[in-house]
Each structure stands twice: as C-alpha cells, then as structure tokens.
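Welcome, and thank you for taking a look at this structure. Please open the sequence and the 3D view side by side, and turn the view as you read.

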Amino acid sequence: MENNNNVLVVGSGISGIASALELANAGVNVYLLEKEALVGGHSASFCCKATDICSQCSACVVSDKVKEAITDPRITVLTGSTIKRLRGEAGDFHVEVVRRPLYVNGERCIACGLCTGVCPTDPKAIHPPFAEALPFSFVLDDGLCLRIKGERCDLCRTSCPTGAIEFDLKAKEEELNVGAVIVATGFDVFDAREKGSLGYGRYPNVVTGLDLEHIFAREGYLRLPTDGSEPKNIAFIQCVGSRDEGHGYCSQVCCKYAMRLAGLIRYQNPDARVTIFYIDLQTAGKGFAQFYEKYRQDIRFVRGVPVEILQTASGELEVKFEDISRGRVSRDNFDLVVLSVGISPAKNSWDLARILGINLADDGFFDVKDPLSRNETNVEGVFLAGTCQGPKDIPDSIGHGIAAASKAMQVLAKPVGRGRAS
Amino acid sequence: METKVGVFFCNCGGAIKNIDFDAALREVARLPGVISVNLDSSLCLEEGKERMVSSIRDEKMERVVVAGCSPLLKEHIFQGILEKAGLNKHLLSMANIREQCSWVHDGDVTAKAVDLVRMAINRVLLLQPVETKETAVSKEVLVAGSGFAALNVALQLSHLGLRTTVMEEGPVLRAGSEEPAAVYGVDASSIIAEVEANENVEVLTSARVMTLEGKVGGFGVRIKKAGKETFRRYGAIVLATGHRTEIVNPGAEAGASVVSQKAFTDILRNSSLEREPRTVGFILDFSDENSRFPTLATLNSALAAKKKWGSEIYVFYKSVKVDSEGVERLYQQARDSGVVFVKSETAPKIGVEDGRVKVEGRDVFAGEDLVLACDVLVAEELYLPAEGTETFSSLLNVRTDPKGFWQDDNVHLYPVGSEKKGIFFVGGCRGDLDPGRMLADISGVAMNIGELLSAGKVAADFERVKADPQKCVACLTCIRVCPHGAIQLVRVESSKDVAQISDLACDACGVCAAVCPAKAIAFQGYRDEEILAQIEAIKRS
Amino acid sequence: MNGKIVAFCCENSAYPAADLAGKLGLHYSENLRIIRVPCAGRVDVIHILKALENGAAGVLVLGCEEGACRHITGNTRAKERVEYSSMLLREINLDGRVVAMFNLSPNAPHKFVKAVNDIGNITAEPGR
C-alpha cells in the first residue's frame, strides 16, 4: 500500500501557511483548514512599520506567503471549517471536518461589490473583507443579516452575478484521509479589559497594540480615536497580559512591536513624544541591534509598569506609575496610550485538545513532548506550529512551521503501521 | 504575417460601472494585431475559463491579453488556460483595469482602460515562448562547521538520503567542546558517535574551502586538507560556523577569578576549584543588549551553583532576556531559589579587594550603590562572529550583517536563507543563539535542502534570462552585480567567454539586463523592447 | 500622453500596494500609467528618458523599502539611476524633480497614493 501523501494543516495563520508551502514544495498535498471565512490569521492584518528603511517587522512577508499559498495548486484551502473528529494513527488519519455555511462562496465570489450596494442594513451585513484579506471574497456577517435573523430579504443573493451567495445552507461534513496533522491555530490577544484599571474599553484613546496595527493598516496615519487629531504625546505600556499572574511567560513580540510602532509614529510626526513603560526590554534577535541605537535616542524609556490610567477633564489620559529610577510614584499625561497586549492561548484550545487528544501545558498553550524541539505532541503524527504552542514573532513562527513540516514529512516517509489492510 | 492577438475583457459580473465596455471593445478591435475581442462577466470562474479555452482554440489566437483584475492573483489561472488551449503560458499579458483603474478613479475611465489594454497588446506582440526544463542536481551537501548545529543538520540530511560532508577547519569536531553544549550539559559524544558511524556522512577535519564556483545544484568547491586539494561538487551548502565570545574587559588584576560562562560551567561540572565559592557574581546585558544566550546561560548556571554549593548568587543586569521558551519560568525559579538580581542602568565596576573580586554597581530598585565581594565572577561577554567569517564571506561572496555575522539583515531571507540559492545558515553563526530557535532552524534547513535536491533534478524556466553570445563582451559587470550569484563566465567556443545565467539560481529580477553595457541580456517578458513598447502605447491626449 | 505619469512598479512592493489601494477604495489621479517590473532594479535610465520623450509629465520608480529588497540591491540601483536621470534633466535645463524614486512595502497603499500625489503636485506646478 502506498504511503499517504496528504497532510492536514489546521489554521491558516503565518505558521500554518509556512508549513503548507514547505510541504507543497516537497510534493505533498496539503489541506489547509481555516475556521474563519478569510485566510491569513492575525499577522495578515499587521501594518508596515518602515520609516526611511525597513524595520524588519515581517508583516509584508505574511502577505507574500498568503498569496503564494492560495495560488499553489497543491494546497486546498477549506474556509469556514473545523475538525469534528480524529481517528486513525500516524500515517493514516481519518479526519471528520465540518464546513459551516459561509453564505458567500469564496470560490465564486469575484468581489464585484454589487451585493454591498443593495444590502439594506447599516452597517452592511455583506461587505468586503479587510483589504489584505485573501481570498478577497466578501463576507456575510450573520449577526447583522436580516435574512439570517428570520426576515425576508433576498437582495444580495439575487444581485450576485456569479451565484456566489446561497442561504438555506446546512453545514457540510467531509472526511479527509491524511498521513499527518499540523496544528497551527494561533493565538488570541490578552483581553485588556481584564486589567480594568488601565481603562481599555472605557477610554477610547486607550488602545491595544493590535488596534494600533489596524489603525495604521487602514488609515496609513495615526489619528486619535476620539477626535481624529494627531496625537503628540503617546505612551506604550509593556507586559499587559504577560510576565504576570496567570501568564508566566514573556510574550516575545511586544517590546519590538512597541519600539517599531514608536519609531513609525516619530517618523511620521517628528514632534510627537513617545514613552515606553517597561520591566525588562527585549531587544535581542537577528537584525534588531541596528534599530535599537536609534530607538534609544528617539524614545523615552521608563522602567516601571503603570497600574492605573484615568481620563482628565480635558480628555487627556493620566498614567500613574512607579518611577523606579527615581524611587517614587509619578503621574504623566498622554494623548494616546497603547497597551502592548500579550499573546495568549486561543480560547478554543480546550475543544481542539479534546478532539485531537493532545495535551495543554500549564500556561494554556498546547504541550510538547520535547521542550527544545517544540513540534511533537503526545500523539504521534500530530505536530504543532506557531503561536498555538507559545508566543513567537513572525520569523520564528515561520521557522517553527517549517520545522513542523519537516517532522510531518518524516511521518509520511515511514512505512504505514501493521494492521493496515492494503 | 502579423501575430494574432485575442483580447478578453472581464467586467467583473457587470459590477464595473465606470467603463463603457462596448466603446472599449470597439476601439481595441481596431488595433493592429487584434483578431478578436471578447467580453465576459467572470473569466476566472469555471464557465468563463472554459469559454476562454474554446475561444483561443477556435480563433487560433497566438497571443492573449486579459483585461480584468490584478494579475498578481489571477495570472496563474490564465496561464493555465493558455496551456490548456495549447499556447505557451508566457504568451499572456494582463491589463489591470479593476484594482488599478476602475476602483481608484471617479467618473468614466474608459480612456484609461483602453490605454492599459493598448500597453498590454504592444507588449504581448513581442513576447516569446519560454519552455520548462529539468536540470540534474548533485545530491551531496557540504556542511561547513562541526558544532552541535552542524552535526544535527548533517544527520537530518543523511536521513533524507543526501550524502553530507562535514568540514571542520580544526583538528577535531567541535560539538561538545563548544560553549552551548557545555552550558547545557548536552552529551555531544553520542551525536559525534552517530555522525562518525553514519555511512552517509563524511567527516573532514583540518580542512578548509579554498574556492567556490558554480551555482545551486552544482557548486564546485576546492577543499584543501593536509596540503592536498580536491575538487568536489555539492548541490547545496550549509554554513554552521558558530561564533566566538570575548570577555568584556574587567581589568586585568582580577585574574583567574573572573571567568567566562563556559569556564564556569566547566568549574561546576569538574569541581575544579580548591574551595567551593561562597559568593558568585554574574554580569549580564550591559555592553551587548542583543543576545539571548547570556541570560539563559546565567540562569542555568546560577541554579546549578545554588544547588551544588549553596552559594550566594548575585546577578548584575540591565534587562533579562526572557523572550525565549521557558526562560521566564527559569528566571522566576532562580529568584525563588534565592538568586539576587541587581538591576542597574550601567555596567558595574570591577576591581580586586582582599584577594576577592569586588563588584560595584547601582541597584535601580533600591536606589543605592551596592558593593559585592565575590569568589568567582562570571563576566559579561560579547557575542561575536567566528574568526575568519569575513574572509569566508568574501570567498563565497555571501553577505553578512553589520556586526559581521552571517546572513544579510533582510526579512525575505529569514530564517535560514542567504541571497544565493542553495546556501543556508544554521546555529549561532547567524548572531543570536537560542537553542529552541536553533533546533527549528536545523529542521528548516534540512527541509529546504531536501526539497531542492531529493529528486536529483529540478525543473525551471529554460533560458528565460540569457546573454547573447554575439553581443556579450565578457565585461563581468552582470556577474558582479547579480545579487543571487547566478551568473558565471563559460567558454563557448575555443576562445570566447560568455556570461551564462543559471536557470536554477536565477531569481528573475532583471538587474543584469539593466546593467549590461552591451544590452546583451534578454530577459523574456521584460526585455527593453517589451518595456518600451508599453511606454509608446500610452496615448498622447 | 500629456500630463501622464508613468510609474514603474516593482511586483514585490508597489504593484501589490497599488492593488491594495484599489481594494481600500483610495483615489488618485487618473493620469497614472503603471508598468509592472520584476524589480525596481530592472528599470534603466533609457526607460525613464523614453517615457519623458514620449510626453510623460513625470516618472515614478517604486521599489521596496531600503533593506527589504528581495534582490538585495535592486532598489538602491534603481535610486542611483533615478538620480542620474534627474541630473541629466537638470543639465539640459529641465526640472529634475519630475523623475522620482519612492520606497514602500506591498502592504503600504497609503504610501503609494502619496507618491502619486506628490509627483502629481510637482508636475502640476504652473509654468511647466
């Protein structure tokens, strides 16, 4: 009996994409499963942080790789899909996949926009995805759609020239037969509302690092959420949701993304003042030293993480912090405060762990058999790639994904276990 | 006889409202070379694709222009259609009348759309077919270096059926004697034994690369060992040349009580001190804020020393580098076990008093100066490129970063690639050493090389970029300029040397074509005439 | 092609950025004509000058950010050629600013639009 030449990659963030591309290059057929309607995960929505030179944030690498993956003939992308059940063993897994109705068929949508034009709701229930989204097919928001809510409306479906929109769809089930599984389900950001004293969700000008990425990606320039004016005094607060009770790890990406975003802010507005409140500054890694010197001159670094933010009568944000170098509590006012939220385990990890039979580690990420190699789980033939295993930046997620692909290849190359009928 | 061009317009389901397609089709139909104009509403979907294949065949089109959405996402689909219809896939040109026209301008954009189509037609009339060809590649790999990373890569490559040569300049394999393995207490003897026993791995010690020529799939390497030179061919090369460290000068008088991280782990392992140290100091992260390994080494050693001797341990540091798997936990463990972390903004002063090492630093939290007398001080070290990296870099013509470590600082190369196809890096030689990342890189390099060489042959465009032997004067400019090292001089007739571009190594950037003073290089699809034709097509209003 | 701006767009940076500008619904001058190149380093002085000779009001060469060129030095070579072209123009008493180089990433559509607007402003100056 021939060895199975298929691999299932669960999750189409950068790490899953890196695994998929590498396997495809090696002649393997890849099923790329994605629970959302769109491919690319978190990092596909990050902004370019170049100043007069590239700051090596790697956000553009993500868009390149996503495009490569969805145009690769060996990679089959299954959106709106999750795993229901896993049976079998390494070399011969049978995976039951549920494909929920997305209403807009990504393979038939040509992004003409006619549906949005006729949609009666405000905001529109059917709309284009975020600009870098791939496939660039429109998305139906079931929370807003009149028809899904039970009312009579058929406007978008009848306006669609390619018949890409279909209601009355039921979830479909499909079974995939693969030799190995790579779990690349990514992360959730820490919900900054859990640190209520920092004001996220209460004060519009307190945003997270992820919010800031999206603002730059959408608008190109930084404007205050409240009145659209240009902020002059910006603070970044590090370690929000990491290196604390409940998160006994460093989130790895936040110091660098804060510094790069600070650099971008100062490049666009040399009059802006940026302060970064930190505990230990993570500045190591390939290609960062050259920027660090500039950041040290351009940014005010304050050792001491603030615990409270209040909004003043004039709308400024007053940050109360322990100024460690001066040994006292201080207050400083800012226009905009950015909470550098950490990478946290994805909320649905429990379900997937149960379905696949893989363990979760103490910190909530998926557990590994070998703490140094970090790809193998307790189930032979099921591997981990990317931030679902622990915080990583984009280059590390790519590296980890490629390593997972390499381990999956080894499984495919092994003779299939005894007891297999030919 | 004029080349027959077929033009397909897609109106995107009828959604493109600001182009008068009837008028556009009429105008385009009149252009020289155009034998057919077609309007479709969804060219990229199955029915549209089938219609296109039929039209191309039925009307015997020789070149195809598609006016629709962006080629970056759809080009491969239309190339597939051309092939299905019996045309070479390179005979296609696309006009982006959606993302770069209809969607970005208000009002009627018919004139611009027609302009863009005219540009595409002018170009397509000049396009030439390009075939695909398979080239045989060597299934042997050269690994330069013999540390932990090098040996692991060699073993992984051998499992993929590739013969590997591990080449070490020194007399013995380095794994085990080098710092990271020492710090980890990794038993490198087993990996060395595995390598020596493996039939697919050849070990050359006291050997070095003298010259490198050729390209991926067939690098020609001259190796010198024991005064003798041999010429070998390799499909790929892995640089795993490690790094070195230098103690940040504390002042000579402290002498043997100031040690490196590696020396300290030797002391721990061999119990080679006369008396167990009562107090141990570590200095970390002042001169070099860019390395993770010192933090990891310090935490491991501090915990080990606490356990073994119960010593008082003080760590003077600026920021602990905890952005690696498990290091934050290790840090908390160290603090819980009583290791004292003294956070400072500037490096402490080191001296000698009463035969012990005196460390004076300022504790940021306490706001006070702290003077420590310790028996052993593990000094801060700078992480530096291995000796000879610069020379090796010139020899191979492979770039290093501003600090002299391998790998240009370019995100498109990360994690393990170089700008030269077929040459990879692994381990501490890239700069930052972290065991977890290094293990991922080892698998990554093996995977990349496996993809490249396992089949023994690679398919690539045949002579897509080619220097015309009639025009080439062997000035070497293209060779010097090619960022991917894809060009070499070959002898074509008895005395004529000509630049030859390797199909496998070429990354189709066209820099050579731009720079050639004799305009001898033809880059199919982007030749001068193909670019100029587009410019000439733009209508003077 | 009076008033037209010819933009040589590298397929790794400016071309996808222009596509993204389209997806975001950003707007810029209809006078722009984009010519796709595999790398900004493919663009030669002759291409720039031919565009002007054919009536273009301005020429843009757009490549990757410094340090991010997939072909390492393609963008720096392009910049040198753009500067050389500007110099040639100034030597014959023309405005050297009508030829310009911009660096951007594939996910920076706003930078693309800014480049087009900037050169548009220069070429629209009275007395040209």
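Predicted model: local features only at pLDDT ≥ 70, side-chain atom pairs only at ≥ 80, totals over all residues.

Let us start with chain A. Its secondary structure comes to 9 helices and 20 strands. How does the radius of gyration of chain A compare with that of a compact globule? For 422 residues, such a globule would have a radius of gyration near 22 Å, and chain A, with 23 Å, agrees with this. Of the 422 residues in chain A, 53% are buried. The contacts within the chain tell a related story: among those with a separation of 6 or more, 68% are between residues 24 or more positions apart.

Now zoom in on two helices of chain A. Helix α6(A) covers residues 254-268 and helix α7(A) covers residues 289-298; the two pack with their axes 10 Å apart, at an angle of about 60°. Because of that angle, α6(A) counts as oblique to α7(A). Seen as a crossing, the passage of α6(A) over α7(A) is left-handed. Which residues meet here? From α6(A) come A:M259, A:A262, A:G263 and A:R266, and they meet A:F291, A:Y295 and A:D298 of α7(A). Sorted by class, this contact has 4 nonpolar residues, 1 polar residue and 2 charged residues.

While you are in chain A, look for a peptide bond that is cis. The bond from A:D122 to A:P123 is cis, with omega near 0°. To find A:P123, go to the loop between α3 (114-118) and β6 (126-127) of chain A.

Next, step back to see how the chains touch. Chain A meets chain B through 53 residues of chain A and 51 residues of chain B. Which elements of chain A give two or more residues to this side? They are α1 (14-25), α2 (59-70), α7 and α9 (394-413) of chain A. The largest share comes from α9(A), with 11 residues. By class, the side of chain A that touches chain B has 23 nonpolar, 20 polar and 10 charged residues.

Two other loop residues have a positive phi. B:A226 is not a glycine, yet its phi is positive, at about 50°. You can find B:A226 in the loop between β10 (219-225) and β11 (228-234) of chain B. Is B:A226 buried or exposed? B:A226 is exposed, with 8 other C-beta atoms within 10 Å. In B:L476, also a residue other than glycine, phi is positive as well, near 75°. B:L476 sits in the loop between β25 (465-467) and α14 (477-481) of chain B. It counts as exposed, with 12 C-beta neighbours inside 10 Å.

Our last stop is B:Y317, in strand β16 (residues 312-317) of chain B. With 24 C-beta neighbours inside 10 Å, B:Y317 counts as buried. Which residues does B:Y317 contact, leaving aside its neighbours within four places in sequence? They are B:L284, B:D285, B:F341 and B:K343. For a sense of distance, compare B:Y317 with B:F405: the two are 88 residues apart in sequence, and 25 Å apart in space from C-alpha to C-alpha.

Conventions:
Residues numbered from 1 in each chain as written. Chains lettered and ligands numbered in written order. Axes fitted to C-alpha atoms, helices over the stretch in contact; angles between N-to-C directions. Helix = DSSP H or I, 4+ residues; strand = E, 2+ residues; numbered from the N terminus. Parallel < 35°, antiparallel > 145°, perpendicular 65-115°, else oblique. Left-handed = near helix turned anticlockwise from the far one by under 90°. Contact = placed C-beta atoms within 7 Å. Nonpolar A, V, L, I, M, F, W, Y, C, P; charged D, E, K, R; others polar. Rg over C-alpha atoms; globule rule 2.2 N^0.38 Å. Buried ≥ 20, exposed ≤ 12 C-beta atoms within 10 Å, placed from the backbone.
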